[in-house]
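Morning, everyone. Please bring up the sequence and the structure, and keep both in view while I talk.

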Amino acid sequence: MTQDPTFPRLRLRLYFAPGEMMGPGKADLLEHIRETGSISAAGRAMGMSYKRAWSLVEVMNAMFHAPVVESSRGGPKGGGARLTETGEAVLSHYRALEAAALTQGGEDIAAMERLLSDMVRGK
């Protein structure tokens with residue numbers, strides 16, 4: 001058995017208040033919206049229902065001082081979605097926080113990994 005190359009990994013969730021959090025799923029959703037220009041396509045890319053993707057966008061839009069995603073309905077020119085300036089800032093700060101945690105915690109992560117049993121390490 002070989003170890004999965006995606007491990008160890010750090011999953012950071014920042015709690016602002018009960019029910020008000022930013023984590024890897026919301027960050028990934030924002031990235032997919034940026035890439036696809038669509039909330040539904042972003043949800044599909046993540047194996048998420050349209051309803052769930054919209055729900056997460058609504059939560060984030062309400063959570064910050066300004067919306068993180070702007071959307072327009074379909075029509076002759078088609079609909080779409082894009083990250084706002086606030087959305088870009090939220091995503092950038094979240095990814096920077098993740099990178100800082102990995103960088104600053106790298107030695108501790110490696111030390112803990114060395115303490116794992118052989119079974120967990122895949123040896």
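Predicted model: local features only at pLDDT ≥ 70, side-chain atom pairs only at ≥ 80, totals over all residues.

Let's start inside. The largest nonpolar core has 21 residues. Which of them touch the most other members? They are Met22, Leu29, Leu30, Ile33, Ile39, Val68 and Val69. Now the elements. Two or more core residues come from each of helix H1 (24-36), helix H2 (39-45), helix H3 (50-63), strand E4 (80-83) and helix H4 (85-114). H3 gives the largest share, with five residues.

Pick out Met22. Skip its neighbours within four places in sequence, and look at what is left.

Phe16 sits in strand E1, residues 14-17. Why does Phe16 count as partly exposed? Because its relative accessibility is 47%, and the partly exposed range runs between under 20% for buried and over 50% for exposed.

Last stop, Ser72. Find it in strand E3, residues 69-72. Its relative accessible area is 45%, so Ser72 is partly exposed too. What does Ser72 contact, beyond its neighbours within four places in sequence? Gly79 and Gly80. Now look across to Ser38. Ser72 and Ser38 are 34 residues apart in sequence. In space, C-alpha to C-alpha, Ser72 and Ser38 are 9.6 Å apart.

How values were computed
Residues numbered from 1 in each chain as written. Heavy atoms only, no water. Core = buried A, V, L, I, M, F, W, Y, C linked by side-chain atoms within 4.5 Å. Buried < 20%, exposed > 50% of the residue type's maximum accessible area, 1.4 Å probe, protein only. Helix = DSSP H or I, 4+ residues; strand = E, 2+ residues; numbered from the N terminus. Contact = heavy atoms within 4.5 Å.
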